[in-house]
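These are my notebook entries on a single protein chain. I set down what I looked up, entry by entry, with the cut-offs used.

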Amino acid sequence: MTDEQPARTGASKRPSPEGASPAMAQWFALKNENPEFLLFFRMGDFYELFFDDATAAASALDIALTARGSHGGEPIPMCGVPVGAAQAYLSRLIRRGFRVAVAEQTATPPSKMKGKGKVAAQKGPLPRAVVRLITPGTLTEDELLEPGRSNLLLALVAEPSRRGLPEWGAAWIDISTGQFETARCTDAELGHLLARLDPAEILAPPDRDLGEYDLRRTPGEPPSSPDTARARLAESFHVASLDAFGTFSDAETTAALMAVDYVKRSQAGAMPRLTPPMPQEDQDTLGLDPATRASLDLLRARDGGTEHTLFATVNRTSTAAGARMLASWIAAPLTNPARIAARQACWDWLRHDSVRAENLRTILRSAPDIDRALGRLSVGRGQPRDLGALRDGIAAAHLAATELTRINGSDEKRPELIKRVLGDLQECAALHDELNDALADELPARLEDGGIIAPGYDEELDTHRTLRDDSRRIIASLQADYGERFGITSLKIRHHAQLGYVIEVPAAVGARLRSREDLQFRQGTASLARFATEELSALDAEIAAAAECAATRERQVFAALVARALDDDKLPALARALALTDVIRSCASLAAGETWCRPVVDESEAFELVACRHPVVEAALGSGVRFAANSCSLSPEKRVMLLTGPNMAGKSTFLRQNALAVILAQAGLPVPATSAHLGTVDRLFSRVGAADDLARGRSTFMVEMTETAAILNQAGPRSLVVVDEIGRGTSTLDGLSIAWAVLEALHSNLRCRAIFATHFHELARLTESLPRLSLHTMAVRDWKGQVVFLHEVVSGSAKRSWGVHVAKLAGVPAPVVERASRLLKELEREHTAGPQPLPLFDAASSSQPAHNEPSSEVSIPDELREKLADIDPDDLSPREALSALYALKKIAT
């Protein structure tokens with residue numbers, strides 16, 4: 001078993017339940033209902049696991065595997081974890097891909113018979129049932145979740161289309177926050193959707209390859225018909241028709257019900273708090289395929305970490321909900337300029353009032369996660385501090401609203417989105433007052449601990465508490481009375497779980513008390529003797545009844561408060577407004593230093609970035625190192641940039657920073673540049689860096705060609721393509737031919753904006769036939785035999801690759817570097833002296849058919865050859881070029 005392939009415990013042959021003890025018979029029944037789950041079987045203070053479950057869990061958790069009893073003549077493998085520490089063990093199992101069924105006792109043990117200390121007879125074990133299924137996509141506990149990341153369960157249902165390939169209905173739920181959305185997409189777009197959502201668990205048919213997400217698949221059965229799905233979903237959300245929430249395709253509807261049914265099953269039939277399903281229209285979202293997301297390290301780096309990512313670099317949020325919203329903006333940038341401008345207007349308005357922005361940060365830092373608190377309360381796993389989170393979250397929202405109203409004076413100056421946010425932040429005042437009156441200032445971690453409801457809120461609860469607490473005072477008085485009556489100053493009255501309230505005296509003293517008729521000897525130890533009296537037994541029953549009544553009433557009041565909170569339909573909107581406020585403040589903080597700009601994003605074909613920087617690289621360098629900013633212009637007249645230059649000079653950084661600028665701009669965020677003007681991009685393709693896919697039998701070159709094919713088949717005039725070294729991994733002529741053809745297609749067929757980085761310097765000659773191609777290179781200086789990379793993009797093309805110098809920097813042994821240098825000089829001399837190796841670049845060959853006539857060799861005078869070698873066409877002005885041409889003609893004739 002590995003982390004990627006957890007044991008499926010239901011797959012192996014199970015022992016027969018015949019002859020099992022009553023408790024094990026319960027285990028067999030529950031295990032047969034959930035064969036694909038590890039069964040956490042509650043026995044006292046432990047969750048026990050048996051048979052194959054125990055073997056798998058012991059290995060995954062690195063705990064002892066033991067045995068108990070026997071079954072069929074063989075010992076039963078078992079292991080267990082304490083109930084109090086179960087969350088930590090569950091977290092490890094879920095991260096390793098297991099799913100867990102939790103079986104609890106569904107009845108309480110019978111109460112003790114007072115007086116004689118006997119317990120009522122119990123025939124057979126207490127009844128047990130699976131109360132919850134824990135899977136990667138149905139988590140609610142903070143210990144099992146990442147605070148700043150959504151945890152999505154995705155359901156996929158295919159429906160046939162006229163084009164042959166299926167179309168997909170998708171529905172995803174975050175049970176921890178109540179998020180519920182749907183979408184439809186083509187088969188080709190499904191990978192884009194998976195990459196954008198990054199779901200924790202996927203209900204999908206077994207015959208659809210999910211790529212890198214295949215290990216997150218869980219078998220799912222869609223409902224029998226779309227009509228059934230529509231009716232059941234409408235019933236679940238208490239509406240007459242699903243049309244009340246929008247227009248859904250049949251596949252979307254069946255996927256939505258499949259997700260809801262799976263969630264309900266995981267909660268033992270209970271329906272959690274979910275927002276109504278919301279259909280997502282993808283035409284307003286920037287297209288980003290999985291390879292592009294991986295190339296740009298948006299939310300996760302290529303090594304799986306989160307540190308050196310775009311999200312980590314721009315994140316200044318103070319709340320978990322704000323971080324999740326910001327991540328969703330980066331994962332799904334917009335293509336609608338009006339929606340982009342609405343987001344920009346908010347942080348641009350706020351950044352000019354640094355005092356209020358800092359006050360907001362202080363307020364938000366104390367704001368709890370309302371959405372996830374509501375999620376736990378809605379499935380019956382809420383604790384007192386979850387209600388406290390609602391109270392404190394609403395208070396933070398009201399304070400945030402107050403600060404926002406003080407910024408820049410009049411209401412007319414506020415952006416429209418801020419006005420809507422203010423309205424939502426000021427809601428739920430009645431609920432806040434109720435919770436503030438009802439809840440104690442210091443709340444316990446668990447409901448069982450008591451002390452949740454503040455004194456004075458509930459009269460009945462106060463009565464029970466008074467009786468309970470006065471009884472404690474009576475006990476203290478009675479202890480003093482008994483001590484004086486029996487002449488024993490060391491006498492104590494203590495409570496024991498089995499005996500109730502008893503008198504405790506030293507063993508030596510207890511010997512003379514056994515003869516007293518008013519005392520009942522209950523228990524003796526080496527150092528103590530314990531006695532009871534009729535008075536103590538009666539008081540014990542009275543105190544127990546009062547404490548139980550107080551605990552019962554407190555649970556009732558708590559349940560009523562939970563119901564009141566869940567019924568407040570303004571609370572989810574307030575939580576979203578608080579998260580949005582946090583994101584706006586985060587953006588304002590990012591833009592406050594004047595090194596990040598508000599970009600202009602419109603429907604034009606513009607692409608102008610002035611002094612743009614790579615935000616992740618700049619952050620990694622730290623404040624002590626200056627990042628070399630570069631501008632980029634892909635105007636309609638020169639929409640394709642051919643970028644040459646050596647490795648280590650910064651080509652990859654330049655490529656990625658322009659792609660990241662588009663993502664930030666269209667997400668509505670600040671951009672790290674002096675200024676930016678971008679016409680909206682509908683699809684972004686980034687192919688920077690290379691990797692193989694050995695698991696699928698694909699070489700680096702095959703992966704590159706597959707990704708290149710995706711670009712050529714999907715990019716259009718409004719797309720942006722940034723590619724690095726197309727054609728590597730094969731022979732020089734093959735690679736050059738492929739790079740040339742791809743560059744022509746991007747320029748002339750797709751007519752998209754593109755930055756095409758290459759080591760094939762011969763491609764620079766294509767400017768003669770591709771009028772919208774501009775030449776740029778990375779500036780390099782050779783200083784006294786040492787290569788200095790300036791990390792600047794300048795006009796022109798590279799004259800050499802500097803590969804030998806890079807090898808030297810990399811630590812290649814000096815003899816090898818020197819040998820390579822000598823070989824390079826020989827090859828360059830042969831290349832200059834011999835015929836051009838690529839006759840296909842002749843001007844005539846690109847426009848005229850080839851002829852089979854033998855060509856006669858032309859003798860070139862040495863003087864002419866030397867003169868040609870000294871000329872660099874890229875450095876000549878038109879007048880200088882004309883003069884050079886006359887000089888050459890004079891020599892030749």
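**Entry 1. A buried salt bridge.** I began with Arg376, which counts as buried at 9% relative accessibility. Here buried means under 20% relative accessible area, exposed means over 50%, and partly exposed lies in between (1.4 Å probe, protein chains only). The side chain of Arg376 meets that of Asp386 in a salt bridge, at 2.8 Å from N to O. Arg376 lies in helix H12 (residues 370-378) and Asp386 in helix H13 (residues 384-405), so the pair ties together parts that are 10 residues apart in sequence. I took a salt bridge to be a side-chain nitrogen of Lys or Arg within 4 Å of a carboxyl oxygen of Asp or Glu. Helices (H or I, at least four residues) and strands (E, at least two) are DSSP runs, numbered from the N terminus.

**Entry 2. Basis of the model.** I note that this is a predicted model, in which local features need pLDDT of at least 70 and side-chain atom pairs count only at pLDDT 80 or more, while totals for chains, interfaces and linings use all residues. Residues are numbered from 1 along each chain as its sequence is written, and side-chain values use heavy atoms, with hydrogens and water left out.

**Entry 3. Confidence.** The average pLDDT (the predictor's confidence in each residue, from 0 to 100) is 84 for the protein, and 85% of the residues score at least 70. I found pLDDT under 50 over residues 7-12, for which the model has 20 contacts beyond four places in sequence. Contact means heavy atoms within 4.5 Å. Over residues 112-119 pLDDT also stays under 50, and there the model has 8 contacts beyond four places in sequence. Where pLDDT is low, the predicted coordinates should not be read in detail.

**Entry 4. Totals.** I recorded 27 helices and 27 strands in the protein. Of its 893 residues, 46% are buried. Among contacts with a separation of 6 or more, 68% join residues 24 or more positions apart. The protein exposes about 43,600 Å², of which carbon and sulfur atoms supply 52%; accessible areas come from the Shrake-Rupley method with a 1.4 Å probe, and for residues only the protein chains shown count as cover.

**Entry 5. Other salt bridges.** How many salt bridges does the rule give? The count comes to 40. Among them I looked up Arg468 with Asp469, at 3.0 Å from N to O; Asp469 is partly exposed, at 32% relative accessibility. I also looked up Arg516 with Asp518, at 3.2 Å from N to O. In that pair Arg516 is partly exposed with a relative accessible area of 32%, and Asp518 is partly exposed at 36%.

**Entry 6. Helix lengths.** I compared helix spans with expectation, which is 1.5 Å times one less than the number of residues. Helix H18 (residues 534-566) has 33 residues and should span 48 Å; its end C-alpha atoms are 48 Å apart, which agrees. The buried residues of H18 include Leu536, Leu539, Ile543, Ala546 and Ala550. An α-helix has 3.6 residues a turn, so residues three or four places apart point the same way. Helix H6 (residues 250-266) has 17 residues and should span 24 Å; its end C-alpha atoms are 25 Å apart, which agrees. H6 is mostly covered, with 13 of its 17 residues buried.

Entry 7. Gln267 is found in the loop between H6 and strand E12 (278-279). Is Gln267 buried or exposed? Gln267 is buried, with a relative accessible area of 5%. Not counting residues up to four places away in sequence, Gln267 touches Val131, Arg132, Thr138, Ile175, Val379 and Arg381. I also noted Ala268, which follows H6 and has a positive phi, near 55°.

**Entry 8. A strand residue.** Ala754 is found in strand E25 (residues 753-757) and counts as buried at 0% relative accessibility. The C-alpha atoms of Ala754 and Met641 are separated by 6.2 Å, although the two are 113 residues apart along the chain. Leaving aside neighbours within four places in sequence, the contacts of Ala754 include Leu634, Met641, Leu720 and Leu746.
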